[in-house]
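User: I've got a model open and I'm new to this. Can you walk me through it?

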Amino acid sequence: MNDVPFAMTGGVVRREGRAVLDGVDLRVAAGDVVALLGPNGAGKSTLVKALLGLLPLAAGRTEIYGTPPAKFRDWRRVGYVPQRLPMGGGVPATVREVVASGRVARRSRWRPADRTEDRAAVDRALDAVGLADRARDSAHLLSGGQQQRVLIARALAGEPDAFVLDEPTAGVDAGSQTALAKVLAELVAGGRTVVLVAHELGPLAPLVTRTVRLEHGRVAAEETA
Ligand SMILES: Nc1ncnc2c1ncn2[C@@H]1O[C@H](COP(=O)(O)OP(=O)(O)OP(=O)(O)O)[C@@H](O)[C@H]1O
């Protein structure tokens, strides 16, 4: 265990025999706001999935708070916002149910659910993304941009220390992007760590402390703001 949210050295991910991540070194310190940029297919999503242990490394190593993903247990410290809402099971879930699922990683045998606290955290998350009035709606019936906000709220509800957001602004209208920038600014002011994938930083640009540009699965450029 240490206090470094993500540290990858020489990370390689192969897909269909090809290295789609090809020797990446990336250290994300607590409080960093790192933007991963690069063209389509550069390996940005692959990199965030590998950082979280969702894709295995063919070579190199990566650690979450000093522990390899396979051995990492403290998942309440990490909030992941994937590109889109998974359509698992065909059971329609309400916006509130999806957001409340972000609280699950906080529970353990020693830390059972506190319903009042869970409810308050879910309410705060729904408010933060402007979806309080849609809480009872079926998440799958919302627009793409609204679903993105549901996923952001789910991560917020878990109150993690580090957020990993895969294209949080893709397909999201300008007003919602500004709202997201405000939410992230508060998290960053509170010492949270953010890794985000973006094509265009837009209103998120002032928050970013470092940009890492990927090309062909490698770090092509790195810039500290
Ligand atoms: N499931 C998969 N099986 C095989 N190859 C894949 C798979 N997913 C992604 N790839 C390949 O891996 C490479 C990196 O893809 P990745 O999605 O990480 O790129 P990206 O930079 O996130 O792109 P985008 O901006 O389009 O999301 C691409 O060449 C892609 O075709």
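Analyst: Start with a definition. Helices (H or I, at least four residues) and strands (E, at least two) are DSSP runs, numbered from the N terminus. Residues are numbered from 1 along each chain as its sequence is written. This is a predicted model: local features need pLDDT of at least 70, side-chain atom pairs count only at pLDDT 80 or more, and totals for chains, interfaces and linings use all residues.

User: Where is E167 found?

Analyst: E167 is in the loop between β6 (162–166) and α5 (174–189). Its phi is near 50°, a positive value in a residue other than glycine.

User: Is E167 buried or exposed?

Analyst: E167 is buried, because 21 other C-beta atoms lie within 10 Å. The cut-offs: buried takes 20 or more other C-beta atoms within 10 Å of the residue's own, exposed 12 or fewer, and partly exposed is in between, with C-beta atoms placed from the backbone.

User: And what about the phi of Y65?

Analyst: Phi of Y65 is near 45°, also positive and also in a residue other than glycine. Y65 lies in the loop between β4 (59–64) and β5 (78–81). Y65 counts as partly exposed because it has 18 other C-beta atoms within 10 Å.

User: New topic. What order do the strands of the open sheet have?

Analyst: The order is β5-β6-β7-β3-β8-β9, 6 strands with mixed pairing. Two strands pair if DSSP finds at least two bridges between them. The edge strands are β5 and β9 (218–224), and each pairs on one side only.

User: In which sense do β6 and β7 pair?

Analyst: β6 and strand β7 (residues 193–197) pair in the parallel sense, over 5 bridges. D166 has V197 as its bridge partner in β7. L165 stands opposite L196 in β7.

User: And how many bridges join β3 and β7?

Analyst: Strand β3 (residues 33–37) and β7 share 4 bridges, again in the parallel sense. V34 has V195 as its bridge partner in β7.

User: How many residues of β7 are buried?

Analyst: 5 of its 5 residues are buried. T193, V195 and V197 point one way, and V194 and L196 point the other way.

User: Which residues touch the most other members of the largest nonpolar core?

Analyst: L36, V99, A125, A153, V164 and V195 do, out of 57 residues. Helix α4 (residues 144–157) gives the largest share of this core, 7 residues. A nonpolar core is a set of buried Ala, Val, Leu, Ile, Met, Phe, Trp, Tyr and Cys residues joined through C-beta atoms within 7 Å.

User: What does A153 touch?

Analyst: A153 touches V99, A125, L126, A128, V129 and L131, not counting residues up to four places away in sequence. Contact here means that the two C-beta atoms, placed from the backbone, lie within 7 Å.

User: Last one. Which residues surround the ligand?

Analyst: R15, E16, V20, G38, N40, G41, A42, G43, K44, S45 and T46 surround the ligand. A residue is near a molecule if its C-beta atom, placed from the backbone, lies within 6 Å of it. Helix α1 (residues 44–51) gives the largest share of this shell, 3 residues.
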